[in-house]
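Please look through the sequence and the model first, and then read the report below alongside them.

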Amino acid sequence: MYDKCGPWTINAKNGGIFPATIPSPKSPTLAKKPLKYYPTDDVKKPLVNKHKPKPTKLAASITPDTVLIILVERFKGKRVVFLKQLSSGLLLVIGPFRINDVPQRRMNQAYVIATSTKVDISGVNVEKFDDKYFSKETQKKKKKGGEFFEARKEEKIVLPQEKKDVQKAVDAQLIKSIEGVPDFKTYLGARFSLKASMKSHELFF
């Protein structure tokens, strides 16, 4: 007779039981990547802004109580007094308004020249001034049908009475120290300018 082979031989070796295969451990499945395709509709995705604003470094020549010369805008050539640096990095300057018609305003330090002249501002209170103080209120205008053909009327911006009172109070505090120095009031009221024979790089401010 022929010898038994195949499953009969395997069962005989294992006590009549066919050995079961032990399943191997499954490897962890990786997360499925999203399919790369272009959607039919344009979907705006918000961009992540990782930029962290750094505080603006103030120039060494600009310190509170320094007289500055404005180089741009309608007050170009005017001398102003630097009071403090705001959280946005802009400079808080003032004329005063009673001397050279420059109100309290913000200026970028790139558009001013620092002079060697100093003013005593210890008696000036500047706690009320911040960036929100100078923000403008935006009002939405309703569109009308015939507005396109009508002449646009410019609305005159009226300064609130509260800000006018603050301006007068700061002017009064600053003028006290200005009047204590002879000819200093005339110096602030004069506009700075260059003549043809003057060389700007040789001047001492």
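Predicted model: local features only at pLDDT ≥ 70, side-chain atom pairs only at ≥ 80, totals over all residues.

Residues are numbered from 1 along each chain as its sequence is written, and side-chain values use heavy atoms, with hydrogens and water left out.

The protein has four helices and five strands, where helices (H or I, at least four residues) and strands (E, at least two) are DSSP runs numbered from the N terminus. Along the sequence they follow the pattern α-β-β-β-α-β-β-α-α. Of the 205 residues, 23% count as buried, that is, under 20% relative accessible area with a 1.4 Å probe and protein chains only, while exposed means over 50% and partly exposed lies in between.

The five strands form an open, antiparallel sheet in the order S4-S3-S2-S1-S5, and two strands pair if DSSP finds at least two bridges between them. Its edge strands, each pairing on one side only, are listed here.

| Edge strand | Residues |
|---|---|
| S4 | 105-107 |
| S5 | 112-118 |

Strand S1 (residues 66-70) is joined to S5 by four bridges, and leucine 68 has alanine 114 in S5 as its bridge partner.

Leucine 194 lies in the segment after helix H4 (184-189), and because its relative accessibility is 44%, leucine 194 counts as partly exposed.
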